[in-house]
Amino acid sequence: MTEVTVRAPATVSNVVVGFDCLGFALELPFDEVTVRIIDESRVRIIHHDDFDLPTEPEQNVAGVALSALIKTAELTHGFEVEITKNIMPGSGVGSSSASSCGAVFAANQLIGDRFTKHDLTELAMLGEQLASGSRHADNAAPCIYGGFVLVRSTDPLDITEIEHPPLWATVIHPQIEVKTSESRAILPSQVPLKDAVRNWSNLAAFVTALSSGDYDLMARSMEDFIVEPVRQTLIPKYEEVKAACLEAGAIGGGISGSGPSMFMLSDNINTADEVADAMESVFSNSEIERNVYVSAISRDGVTIM
Ligand code: HSE
């Protein structure tokens, strides 16, 4: 085999209560990533999109991850990577992770599956570092593993997959770009102890609720006192969207990753569709373009097409 194509899904990180440590994978949207073996010992990048992403390997999230894979595996050949990007950069649903995870997952297939999911997440995190200046794994880990994933530590990387009951996600992406590096720069460097306590109580409760399938506890725990109050100022109609979605029956939700996308979780697909309508209705008189997705939670993360 000298060529493989994978689908690399969008991911929702933070999930309101787990800033930088919790994420889940969506079925939709996804990028298509094709990787081919080439004789030269380098990475060649082809993009099919209008996003003007850099194609120099050292400036490209897939490029840095693949270069590290080549070095770690001591390969004498290189790779060409061709990416059809459906996930807009700066959307808050793990666009950079989809590129880097798709690339290393596909390359690993071509070299006989030498790396574990844990290894591939570490390689993909190099792309996150390049894109945002921060070595977080709350998009990369769910993209590689699928489902809900908790990143207890990034150094050393410590990942736990979390069982969850049936859940559907509704995501709205207002078509404005919010750079992760910029939405990180506005965050406080210190937090009051009482807010920290409320946040870690909610995270523990949310993870327990996922594992036990307790939707009511999930709803009560989806509140963040540290990051969202600051970041919501970057998101158009944040409060209105949240209120309309809860009214439509969503369990809870908030900012997806660093925004501007917002997500909501529902316990059945009909409610998730109604939540999508509620999101649309908030923007009905707005000139802001938006995409709305209803998606199941991806069980598998990156998969071969
Ligand atoms: N956890 C990261 C953040 C995700 O919120 O900044 C963005 O990639």
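How many Å separate an oxygen atom of the ligand from an N or O atom in the side chain of Asn 14? The gap is 2.8 Å, which falls inside the 3.5 Å limit for a polar contact between N or O atoms.

## Ground rules

This is a predicted model, where local features need pLDDT of at least 70, side-chain atom pairs count only at pLDDT 80 or more, and totals for chains, interfaces and linings use all residues. Residues are numbered from 1 along each chain as its sequence is written, and side-chain values use heavy atoms, with hydrogens and water left out.

## Who touches the ligand

A polar side-chain atom of His 136 is 3.0 Å from a ligand oxygen, and one from Arg 231 is 2.7 Å from a ligand oxygen. On its own the ligand exposes 260 Å², and the protein buries 95% of that (accessible areas by the Shrake-Rupley method, 1.4 Å probe).

The residues around the ligand (a heavy atom within 4 Å) include Ser 13, Phe 19, Asp 20, Asp 138, Thr 180, Arg 184 and Ser 258. Sorted by class, this shell has one nonpolar, seven polar and four charged residues; Asp, Glu, Lys and Arg count as charged, while Gly goes with the polar ones.

Across the divide, 30 residues of domain 1 are in contact with 40 residues of domain 2, counting heavy atoms within 4.5 Å.

Key
Polar contact = N/O pair within 3.5 Å; in protein donor to acceptor, adjacent residues only side chain to side chain.
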